[in-house]
Amino acid sequence: MPGGYTVFDLLLASSRTPSFIDERVLSAVERLVEDGLVRQRPQLAVVAAACLGDPATAIRSLAFAGVLPDDLPPEQRSELSARLSLTPDQLNKSQVMAAAGRVAVFLGLSDVRSDTSAGLPPDATPAYGLFPHQRRAVARARALLQLGRARLLLHMPTGSGKTRTTMSMVCDYLREHEGRAVLWFASTRELLDQAAREFHKAWSVLGNRPVPIAAAWGGQGTQLGDLSDGLLVASLQTIYARRDEPGFIPDLGRRVGLIIFDEAHQAVAPTYRRVVRQLSTAGQPITPIIGLSATPGRTFLGNKSDADLAEFFEHTKVELDTSAEGGANPVAYLIEQGYLAEPEFRLLGELPYENVPAAVDDDSAELGLDQADYLHEVISATLQLVRESHRRIIVFAASVELAHLVAATLRAVGVLADAVDGTTPPETRDTAIRMYKTTAPVPRVLVNYGVLTTGFDAPQTSAVVIARPTRSLVLYSQMVGRGIRGPRAGGNKKAVIVTVVDPSVPAFGSIAAAFTHWEDLW
């Protein structure tokens, strides 16, 4: 309090100073002076101030003795009265004692408060929490595994948090099984990278010890001999390539206590089936396998491979249960509650589904479409979305060549656009994706062929242009899923899906219908 009285000033001027001194303290000080441990005898006012104790107690003691507010100079008494919303005449020792903390600050003391003065925290928000439907899925999956089920499939719509939900289970497992690793299989660089980063985020909150994150894909992470804890993210191709190394597969299987298959369909691929079986049966008991999928089938009409998938996972499927909240169809409920965006499907210009072949490759001549017309329709649809104020738009082109042509044309007319594909150098691809994910309020378009259908998470995306013909409901659902994150998941309330596939084809115009399309197989 510059220019004003402090507690020491009051004691120095008060004739009552000795009454605040504890004689035992004074005797102890005198002895320290006599022994030469203290060079100068402190003033009595200093000793008195020291004996007053904590700030609030000191103020109450001074008020009780009449030092406060009586010994304050008139100008300081007036200022303190104003601080306490009183008139100088109203200021008395009772008012000072009632506002001891504020008076202490006024007189240059620290404001000491009880830990409970502000009340207890009203709640606690987890740093890596799950929504209620995700927690129920985790509880159901854990219950099945504890009952001895060796395989199950977690069926959750794209954009509903499959990876986060599963990472919560992975962290639970590692906390409870120190000395056993978890093996996470995925088929693309994007999915593998996403898994490693999401585990790092989850374990930093949910973990109880340091654990390694090992990688085995794209030629990296080949030394796995010391793996006995943590997470191994691997491509089946990399593990399969080492199948003939003596003892490699059985030894890895004994180190692993849980296997996760992101995009579960790869688990039943004929090429890898023997490796999967060896990994899961190398130890005792049999290592559980959890598959993840938004589409628990591969073909629209259902064939032997779809039946094989259901059989491999022992016809055991855990899906989102939203019945407790009154949601009969999980997808419809997630849209209603804002976890997923409400999609609006539009047919892409004059490119009808029936005019394209069942399979297309990077040769644009195989499209059966005039390239100039294709570019015109795709660019026109994208520009319309920009005019509608969509700030992040993904375009799935029909070939590598067309992806780059679309991006170049958009740039030529003033729209920020990049193109990525399987041949794009990693650093170039990462830069394009990073720029797309920025929050800058300018429109950006990311055109791709074959690399962003899985493992790509950009919740800001509010529009998707599916300019890639397909009869695969799996692939189609994955492309739609890139743009349907809802506001409660960091996305948008509504999303626009402009598609070359006729939305009137069953399950291709409704993500709720697509989610339940393969129920008969399970």
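Helices (H or I, at least four residues) and strands (E, at least two) are DSSP runs, numbered from the N terminus. H12 spans residues 248–255, and Phe248, Ile249, Leu252 and Gly253 in this helix are buried. Buried means under 20% relative accessible area, exposed over 50%, and partly exposed in between, with a 1.4 Å probe and protein chains only. These residues cover an arc of only 130° around the axis, which puts them on the same side of H12; the arc is that of the directions from the helix axis to the C-beta atoms.

The model is predicted: local features need pLDDT of at least 70, side-chain atom pairs count only at pLDDT 80 or more, and totals for chains, interfaces and linings use all residues. Residues are numbered from 1 along each chain as its sequence is written, and side-chain values use heavy atoms, with hydrogens and water left out.

## Packing of H12 against H13

H12 and H13 pack at an angle of about 45°, with their axes 7 Å apart. Axes are lines fitted to C-alpha atoms, for helices over the stretch in contact, and angles run from 0 to 180 degrees between N-to-C directions. H12 and H13 are therefore oblique to each other; angles under 35 degrees count as roughly parallel, over 145 as roughly antiparallel, 65 to 115 as roughly perpendicular and the rest as oblique.

H12 passes H13 in a right-handed crossing. A crossing is right-handed if the near helix is turned clockwise from the far one by less than a right angle, and left-handed if anticlockwise. Ile249, Leu252 and Gly253 of H12 and Val275, Gln278 and Leu279 of H13 make the contact, where contact means heavy atoms within 4.5 Å. By class, the contact of H12 with H13 has four nonpolar, two polar and no charged residues. Ala, Val, Leu, Ile, Met, Phe, Trp, Tyr, Cys and Pro count as nonpolar, Asp, Glu, Lys and Arg as charged, and the others, Gly among them, as polar.

## Phenylalanine 185 in strand E2

Phenylalanine 185 is found in strand E2 (residues 181–185) and counts as buried at 0% relative accessibility. Not counting residues up to four places away in sequence, phenylalanine 185 touches Ala234, Ser235, Leu236, Ile239, Ile259, Ile260, Phe261, Asp262, Gln266 and Leu279.

## Helix H8 and its contact with H9

The axes of helix H8 (residues 132–146) and helix H9 (residues 162–176) come within 9 Å and cross at roughly 45°. The two helices are therefore oblique to each other, and H8 passes H9 in a right-handed crossing. Gln134, Val138, Ala141 and Arg142 in H8 meet Thr165, Met169, Asp172 and Glu176 in H9. The residues of the contact of H8 with H9 divide into three nonpolar, two polar and three charged.

Histidine 133 also has its place in H8; this residue is buried, with a relative accessible area of 1%. Leaving aside neighbours within four places in sequence, histidine 133 is in contact with Leu320, Asp321, Thr322, Tyr333, Leu334 and Tyr339. The C-alpha atoms of arginine 135 and threonine 165 are separated by 7.6 Å, the two residues being 30 residues apart along the chain.

## Packing of H16 against H17

Helix H16 (residues 371–387) and helix H17 (residues 400–412) pack at an angle of about 50°, with their axes 10 Å apart. That makes H16 oblique to H17, and their crossing is right-handed. Gln371, Tyr374, Leu375, Val378, Ile379, Thr382 and Leu383 in H16 meet Glu401, Leu402, Leu405, Val406, Thr409 and Leu410 in H17. By class, the contact of H16 with H17 has nine nonpolar, three polar and one charged residues.

In helix H14 (residues 304–312), Asp306, Asp308, Leu309, Ala310 and Phe312 are buried. The cover over these residues includes strand E1 (151–155), H13 and strand E6 (289–293).

Most residues other than glycine have a negative phi, and most peptide bonds are trans. Glutamate 314, although not a glycine, has a positive phi of about 55°. Glutamate 314 is found in the loop between H14 and strand E7 (317–319) and counts as partly exposed at 37% relative accessibility. Histidine 315 is placed in the loop between H14 and E7; its phi is near 50°, a positive value in a residue other than glycine. At 44% relative accessibility, histidine 315 counts as partly exposed. The peptide bond from leucine 68 to proline 69 is cis, with omega near 0°, and proline 69 lies in the loop between helix H4 (55–64) and helix H5 (74–83).
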